[in-house]
Amino acid sequence: MAGSKEIRTKIKSVENTRKITKAMEMVAASKMRKAQERMSSARPYAEKIRQIAAHLSHAQSEYRHPFLVSRDQVKSIGLIVVTSDKGLCGGLNTNVLRASITQMKTWEKEGKKIQVSTIGNKGLGFMTRMGANLKSNIAGLGDQPELDSLLGSIKVMLDAYVAGEIDQLFICYTKFINTMKQEPIMDQVLPLKGEKLGSPDSSWDYLYEPDSKTVIDELLSRYIESYIYHAVTENMASEQSARMVAMKSASDNANTVIDDLKLVYNKARQAAITKEISEIVGGAAAVS
């Protein structure tokens, strides 16, 4: 059995660890509320522009945007993987990366080429180790992501789609369900499908000023950008929720370890006392 001093050192070490995890839990809870507010504030705009994009997908316009046209053959696929910059958030990144790599293997078996864009350090490191064909990456977004910082990475994939380098574009991120539940989502971004967007049953069109091409080009680009931005805000809310839960679990486990170590320490101390008493009694008996 370990000595009393060694056990006391272990108890102190675990207590220090518990202080850190408790502090991280409280910080994550505060950031989670702010991330949820950003996510909620982005939803009305995302929902409205989604409705307009759905209408455009069914519109009888003389101009048909490349984002709305499905390719006859799908030979190359683009994938945007959204992860966190930091760890200590449970299985959040692991689940997203597992879903991404599973789908990529399926596409490879079908003979399709894959181009990858990453948002977040964890995804960048993983895809680099896997030898994926990385086209762009963005990291260090912080706790308050700005759309401007995402535009460069997004535009690389959009330009590749318009140029015919990729025939479909997907995004994989973690969707926020509630504080205790987050789910990895693999969603198709391009080409836009009216049925999925919730297009109206009847024909729909707008009056365009100055012309349909200018308006539709700008509008659909804004839709894609807002969609990916919303996915990033969902992922960040999920990240803080997962980190809070993970740190709470770590703090609870630390309490259990401390209780077990204290029990071992008390047994060791009692054994030492019993040994000392036995030696004293034995010495006294020998003298008498």
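**Note on the predicted model**

1. Lys248 and Asp252 form a salt bridge, with their closest N and O atoms 3.3 Å apart; the term denotes a side-chain nitrogen of Lys or Arg within 4 Å of a carboxyl oxygen of Asp or Glu. Both residues belong to helix H6, 4 residues apart, about one turn of the helix. Helices here are DSSP runs (H or I, at least four residues), strands are DSSP runs of E (at least two), and both are numbered from the N terminus. Lys248 counts as partly exposed because its relative accessibility is 42%, and Asp252 is partly exposed at 36%. Buried means under 20% relative accessible area, exposed over 50%, and partly exposed in between (1.4 Å probe, protein chains only).

2. The model is predicted: local features need pLDDT of at least 70 and side-chain atom pairs count only at pLDDT 80 or more, whereas totals for chains, interfaces and linings use all residues. Residues are numbered from 1 along each chain as its sequence is written, and side-chain values use heavy atoms, with hydrogens and water left out.

3. The structure holds 10 salt bridges. One of them joins Glu218 and Arg222 (2.1 Å, N to O), and these two residues also lie 4 residues apart in helix H6. Glu218 is partly exposed at 45% relative accessibility, as is Arg222 at 28%.

4. Which residues touch the most other members of the largest nonpolar core? They are Ile119, Ile171, Leu190 and Ile224, out of 36 residues. Such a core is a set of buried Ala, Val, Leu, Ile, Met, Phe, Trp, Tyr and Cys residues joined through side-chain atoms within 4.5 Å. Helix H1 (4-57), strand S1 (76-82), helix H4 (147-162), strand S4 (168-178), strand S5 (181-190) and H6 each supply at least two residues. The largest share, 10 residues, comes from H6. Apart from this core lies another, of 14 residues, including Ile77 and Cys172.

5. The domain assignment, automatic or from a database, gives domain 1 (4-25 + 246-283) and domain 2 (27-197 + 205-245). Their C-alpha centres lie 48 Å apart. The contact between them (heavy atoms within 4.5 Å) takes 7 residues from domain 1 and 10 residues from domain 2.
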